[in-house]
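Please read this briefing alongside the sequence and the coordinates.

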Amino acid sequence: MASGSIIEIKGLSKTYGSGSKQTAALSNLNLSVNQGEIFGYLGPNGAGKTTTIRLLLDLIRPSQGDAKIFGMDVRAESVEIHRRIGFFPAELSLWEGRTGDQIIHYVASVRGDTRGIVKHAGELAERLDLDTTKRVRDLSSGNKRKLGLVIAMMHSPELLILDEPTGGLDPLVQQTFHTMMDEYRDKGKTVFLSSHILSEVQAICDRVGILRDGELKAVESVEKITNVEFNWVDVNFRDAVPAGLQQKLENMPTITDVSANGARVRMRMIGDFDPLLRAISDGYVESLHIEEPTLEEIFLAYYSGDKETS
Amino acid sequence: MIGSVFLETLKQTWKQMVYWGVGLAAMALLIVLMVPLFDMQSVAQLLESFPPVILAMVGIGEDLAIFTTNEGFVAIGFFGKSALIFAVYPVVMGMRISANEEDNGTSDVLLSLPIARAQVIVEKFLAYALSIVGVVVLIYLGLHVGVIAGGVELDVARLAEVTFYLIPLMVFIMAATMLIAILVRRRTVALGIVTAFVIISYMLQTIGAAAEGTVAESMGAVSFLTYYNAGEILSQGFIWPHIAGFLGLSAAMLLASLYRYEQRDIAV
């Protein structure tokens with residue numbers, strides 16, 4: 001295990017089917033997640049995020065490779081690992097006929113420490129504004145997800161594995177969740193969070209892994225991945241956009257996606273500003289606005305295989 | 001913690017156990033109360049007039065004499081059919097051991113807890129087996145209440161043997177259902193296979209019992225229902241090799257289920 005690594009994945013692959021019908025859900029994944037960080041795992045549906053998580057939890061078995069959590073093999077020592085982790089599944093299903101309290105007691109009893117865990121579950125439920133006396137079948141989808149979060153966190157695990165946890169939660173609860181994650185990090189605990197809500201990842205994660213078609217495309221710090229070398233530039237002229245400027249900009253190698261509208265021209269630019277400033281000097285520039293790309297745009301840039309932006 | 005899944009399974013199942021037990025007990029009670037209304041000699045004459053295949057279908061073998069007794073009447077009226085009706089219960093419970101939880105996704109939450117897959121299967125199996133015992137006890141209580149309330153002369157000890165003989169039979173059906181569900185993973189497919197298994201077993205038993213001295217008779221030996229014959233139990237008491245066979249096969253299927261469940265992916 002690398003120093004400080006909580007999750008260590010080496011060459012992990014998962015394929016389904018055989019022969020010509022074989023499909024790879026995950027290919028040769030190498031990844032490590034450090035203690036005390038919130039790691040964001042990004043990717044669209046079918047990218048392999050849930051497959052990775054189910055492999056880590058020993059719910060499915062790898063075709064190749066291995067994974068360790070706390071330095072223990074996820075298959076051979078799954079029971080000991082599960083004692084120290086909390087899990088929230090993307091498609092959360094709970095026992096419909098049981099109340100929140102009954103499920104909390106059940107899970108706590110399997111964990112072997114009913115009193116302490118149930119007390120903490122009550123505190124979490126209060127923070128998330130969840131009524132645990134109702135049957136699961138009578139809860140809204142948002143409240144079911146709150147109950148799922150309580151179950152994942154009620155034993156204060158060293159590692160939280162959360163698969164799309166905030167979908168269906170209202171903004172206020174999402175904010176509470178973000179605060180809880182910050183508190184987790186402050187306590188030196190680790191979170192592995194799969195999400196497609198990029199603003200959420202941007203807000204709470206330290207590092208991000210981007211997954212596409214079962215392959216890990218990049219692992220970067222959130223700061224670094226946000227600091228890619230392209231910007232959106234808006235130039236507002238006092239009068240109309242000078243004649244021929246759009247064509248001139250489109251011919252420049254560092255500028256793409258040029259669009260002109262009245263007195264305004266918008267473009268995506270990489271590299272230095274000097275060539276642009278020279279090009280627009282024919283007109284009277286009223287204002288110039290530079291906008292950093294959002295994580296969504298970076299995300300899409302990775303997916304489109306746009307090398308120049310990454 | 002050991003026993004948590006067992007206790008939770010019982011908590012989630014006790015109502016169904018009571019509903020099934022009370023329903024079957026009411027049926028048993030009704031049959032017992034009907035005993036004084038029939039002249040057993042007429043019943044014997046009526047039975048002799050039926051072709052063997054019809055008698056075999058209601059669970060009556062070659063020993064017609066036993067069925068002209070009060071105990072025999074209860075055996076025909078209740079145990080001949082109740083085994084098939086009751087067979088639905090262990091099928092439902094066998095599906096719950098793995099297939100239902102995999103199908104609805106709760107197994108992901110359960111198996112993310114510090115508990116081994118094998119422990120989940122064993123604890124659920126034992127809890128559902130206990131619920132089968134509960135249903136059988138309620139059936140016996142129904143019979144007993146009928147005997148007392150109707151003042152019917154019945155050998156209660158022999159009736160108890162026929163009743164409690166249902167336990168290994170039902171545990172066997174549950175184990176078979178569990179194994180099939182673990183092998184095929186999907187609830188609907190598993191349910192189809194188990195239903196076919198029970199129906200084919202019933203047909204083989206019926207044909208086998210009706211066609212003595214033919215190939216069909218040996219085919220009947222393949223059916224597990226052949227080894228639950230209320231008339232035989234009434235005349236001979238517990239048939240221990242059959243009980244051992246049911247329990248032995250159940251244990252073997254439990255072991256096979258544990259092995260396969262440990263090896264394979266959990267479905268979503």
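The notes below are grouped by topic.

This is a predicted model, in which local features need pLDDT of at least 70 and side-chain atom pairs count only at pLDDT 80 or more, while totals for chains, interfaces and linings use all residues. Residues are numbered from 1 along each chain as its sequence is written, and chains are lettered from A and ligands numbered from 1 in the order in which they are written.

**Domains of chain A**
- Chain A is assigned domain 1 (5-226) and domain 2 (230-292), with bounds that come from an automatic or database domain assignment.
- The centres of these two domains of chain A, taken over C-alpha atoms, are 44 Å apart.

**Contact between the chains**
- Counting two residues as in contact if their C-beta atoms, placed from the backbone, lie within 7 Å, 20 residues of chain A touch 17 residues of chain B.
- On the side of chain A that touches chain B, α2 (78-83) and α3 (100-111) each supply at least two residues, and α3(A) gives the largest share, five residues; helices here are DSSP runs of H or I with at least four residues, strands are runs of E with at least two, and both are numbered from the N terminus.

**Positive phi in chain A**
- N28(A), in strand β2 (residues 23-34), has a positive phi near 45°.
- E164(A), in the loop between β7 (159-163) and α6 (171-186) of chain A, has a positive phi of about 50°.
- E164(A) counts as buried because it has 22 C-beta neighbours inside 10 Å, where buried means 20 or more other C-beta atoms within 10 Å, exposed 12 or fewer and partly exposed in between, with C-beta atoms placed from the backbone.
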